[in-house]
Each structure stands twice: as structure tokens, then as C-alpha cells.
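Please open the structure in your viewer and keep the selection tool at hand. The stops below concern aromatic rings and the charges beside them.

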Amino acid sequence: MNRKIVGRAALAVLPFLLALAVDLVVFATRRDRLPAQLASHFVGNGRADDYAGRTTYVVVTTVLLVGTGMLWALLTARGGFQGRADHRSLACGYSVAGFLGYLMAVVLLVNVDAAEDAQGRAQGVSFPMWHLAAALGVAALAAGLGLLLAALLPVHERPSAGAPAADRERIELAAGEVAGWARRTGNRWLLPAAALPCVVGIGLLFTGDWIAAVPPFLVGLFLASFARPCVTVDRRGLTVSGSLPWPRVRVPLDRIDTAVSREIDPLSEYGGWGYRIRSGRTGVMTRSGEGIVARLADGRDFAVTVDDSATAAALLNTLIDQRRTEH
């Protein structure tokens, strides 16, 4: 594996490992002063409403921090620090590690020397809410450290939009001839993802207040409407729309400089799936694979993953040429 990739991944996972080390040291040095069942969950007034054993605390803390750290390392290694937005992404990881590490340590500290009931549960333990503000302060300091460390890494340019405009593929159209292109995109996981909140809504409808069931239904409806979005290329430009009038993303033809078809990795280039906003580029990512990348007049890119993207990009270039000729 490339050493630079390993270095970036190590830098991303480092704060999570440091936070875990601090939490485990706090646990080890105070273990004999902790109750058998720690107060582990607190309500809005700071009073405990749930408990966990000491071993459970260690396991949960380890899985939480190591799991989150590995996820951040994966995103960082594949993302390749493409611009300032990815530097901010690394700083965000440091912020999350600081926030989680602080809160998990405080959970231990508020349990130190607590009295126990007959079941070994901590008694009289409360979580002062000012610790949340302190955790945010630690997160801010950790984010600043992450930005400083990210600045030491080289900035990689985003992928090129392809060949020069004069060399792009085009579709021959006769004078006055009109053409359009449309195709649906998506993947097999989007519809199940839309069904899940609907199932939650049904469950809430029968077990709780119907008002609580409305938000999951709305989320499910929104996801279902955009599970198989339609990508259209015509004289209006490039449009991505769902089954409902909204949401709809349209890039007018006069804003597009050139277009190209290429393979797109949403995770490494855009940080995930859905409507993505990154440094110098935006896009609608529903899956990995081929897609249209439109270079805009302001130098930014707009991309959408869809099959037969070569035809769509060629038609876009032709329509752009026609518009320039007309004007």
C-alpha cells in the first residue's frame, strides 16, 4: 500500500486511539473506586436512568472509539485529501474523537466513590450539564490540532474533467434538429432504506402517539421519491429529478462549459452517497461506476452517476456548441 495513504489513515485514526488510551488509563487508575454497576446514561436534568457493568463500559468505549476511528481512516485513505474540504474532514474526525473521549471519561469520573445499592448500582450519581459545554470546547481544540496536522500533508488535485473541450465526444445533429436523453439511476439498497423509516412509522402508529409516526413516514416518502432518480439532458441543461416535483437539481446549459463520462468513486471523491458538496465539486451519487461530470463555467464540477453516461456527455457537448453558435 502507498506510504502516503498509510500515513493519512494513521493520522486519521490517531486521535481516536489517543482518546481510548486516556479513557482506559482513567478506568485502570480508578477501577477499585468504581461501583459494580456504573451509572451510564443520564436524562436532561443529569440524573442517571440506566446502568452498565465495568466490563461493559470498557467494551463499549473500545468498540465506539476504535470503530469510529477505523471508519474515519478508511474515508481518509480513500479520499486522498483533495483540497481544503478534506482537511476540514480530518479536523472533524479529531473533533469527534475529542468529544467522545471526554464524555466517556466523565462518565467514569462521576461514578468514582459512588455508593451502591443491593444490586451494586451506583447511587446519587449525576452528570452536570456543563460537561457538555466542556466537551464541545475539547472538540474545538482537537479540531484545531487536526487542521494543523492536515496542513502538513500535500494537497492532491481533484480528478480532471477529461480532455480539452475541442477533443470531447459529440453527437452530430443537423441544423434545427432537437435531441434529448433520459435514463433512471439508483441502486438496490435505496428502496429498502426508504421502507425502513416507513416501518418505524407504522410501529409508532400502533405503539405510540400518531404525531410521532409522521416524521418517519415523511422521511420514508422523501427517500422513496428519490430512490430511482431520472437524469435528463436536453436544451435546458442537465437535470436530476425524483418522482415528486421536489427535490430537483438542474444545471442550466449556459452554466456548463464541457462534459465528460468517466468512472466515479463516490466514497473517495465525494465522501459518500446522496447529494454531495465537496471542495470544487457537487454531485448526486447513487452508486459507484460511470457517470457524467460537467465542468461549469466557474471551474466547479457537477457529477451524477448513471449508465450510458458517454452518450449523455456527448449530447451535452453538442448542445453547448449549438448554444454558443446561436449566441
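What follows is a short tour of ring contacts, one selection at a time.

This is a predicted model, in which local features need pLDDT of at least 70 and side-chain atom pairs count only at pLDDT 80 or more, while totals for chains, interfaces and linings use all residues. Residues are numbered from 1 along each chain as its sequence is written, and side-chain values use heavy atoms, with hydrogens and water left out.

Rings of Phe, Tyr and Trp (its six-membered ring) pair if their centres lie within 6.5 Å; planes under 30 degrees apart count as stacked, over 60 as edge-to-face and the rest as tilted. By this rule there are two aromatic pairs.

Select Phe-27 and Tyr-57, which are stacked with 6.1 Å from centre to centre and 20° between their planes. Phe-27 belongs to helix H1 (residues 3-30) and Tyr-57 to helix H2 (residues 54-79), so the pair ties together parts 30 residues apart in sequence; helices (H or I, at least four residues) and strands (E, at least two) are DSSP runs, numbered from the N terminus. Both Phe-27 and Tyr-57 are buried, a term for under 20% relative accessible area, computed with a 1.4 Å probe on protein chains only.

Next select Phe-42 and Phe-127, whose ring centres are 5.3 Å apart with planes at 35°, so this pair is tilted. Phe-42 lies in strand S1 (residues 37-42), and Phe-127, 85 residues apart from it, in the loop between strand S4 (122-123) and helix H4 (130-150). Phe-42 is buried at 15% relative accessible area, and Phe-127 is buried at 8%.

Finally, select Arg-121, which lies over the face of Tyr-51 at 5.4 Å from the ring centre; a charge sits over a ring if NZ of Lys or CZ of Arg is within 6 Å of the ring centre and within 35 degrees of the ring normal.

Notes:
Buried means under 20% relative accessible area, exposed over 50%, partly exposed in between (1.4 Å probe, protein chains only).
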